[in-house]
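Subject: Structure handover

Hello,

Please find the structure below. My notes on it come after.

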Amino acid sequence: MLHRSIPHERFEPTVCTWHCHNHGCRHRPRLPSFLTGDRGAFGLTIATLGALGRRLSAHPGRGYGLANLAVFCVGWPLVTLALWRKALSLGEEARALEARLRRP
Ligand SMILES: [Zn+2]
């Protein structure tokens, strides 16, 4: 589903909805609060995306959406790709070093 703006949903007592995303979650988290809490990684992520979004656009929803796309559709995959390339490069170096050390 493609959203053109941040959805506004009502609070549902049994599941998280966009209400939790937009206003903070009142549900009992299943993961530790340092990950899921509004003051944990989740809340920090949302606040950071909001701050980045305000720098990208004066329109609050548009900037937040752009920030999400920039971070999770461009930045995150690029970092993952760079880490994969580095891991493969280190593996090749390790194999070459191992081959050199095995030579008599
Ligand atoms: Zn929730």
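Predicted model: local features only at pLDDT ≥ 70, side-chain atom pairs only at ≥ 80, totals over all residues.

Residues are numbered from 1 along each chain as its sequence is written.

Overall form

The protein chain has four helices and zero strands, in the order α-α-α-α from the N terminus. Helices (H or I, at least four residues) and strands (E, at least two) are DSSP runs, numbered from the N terminus. The radius of gyration of the chain is 21 Å, whereas a compact globule of 104 residues would be near 13 Å; the radius is taken over C-alpha atoms, and the globule rule is 2.2 Å times the number of residues to the power 0.38. Along the principal axes, the C-alpha atoms fill a box of roughly 70 × 35 × 25 Å.

Of the 104 residues, 4% are buried. Buried is 20 or more other C-beta atoms within 10 Å of the residue's own, exposed is 12 or fewer, and partly exposed lies in between, with C-beta atoms placed from the backbone. Among contacts between residues at least 6 apart in sequence, 7% join residues at least 24 apart; a contact means C-beta atoms, placed from the backbone, within 7 Å.

H3 and H4

Helix H3 (residues 41–56) packs on helix H4 (residues 60–102) at about 115 degrees, with the axes 7 Å apart. Axes are lines fitted to C-alpha atoms, for helices over the stretch in contact, and angles run from 0 to 180 degrees between N-to-C directions. The two helices are therefore roughly perpendicular, a class that spans 65 to 115 degrees. On the H3 side the contact includes Leu-49, Gly-50 and Leu-52, and on the H4 side it includes Pro-60, Gly-63 and Tyr-64. The residues of this contact divide into eight nonpolar, four polar and one charged. Ala, Val, Leu, Ile, Met, Phe, Trp, Tyr, Cys and Pro count as nonpolar, Asp, Glu, Lys and Arg as charged, and the others, Gly among them, as polar.

Two residues

Ala-82 lies in H4 and counts as exposed because it has 10 C-beta neighbours inside 10 Å. Its C-alpha atom is 26 Å from that of Gly-63, 19 residues away along the chain.

Thr-14 sits in the segment before helix H1 (18–23). Thr-14 is exposed, with 5 other C-beta atoms within 10 Å.

Regards

Note on methods: Parallel < 35°, antiparallel > 145°, perpendicular 65-115°, else oblique. Contact = placed C-beta atoms within 7 Å.
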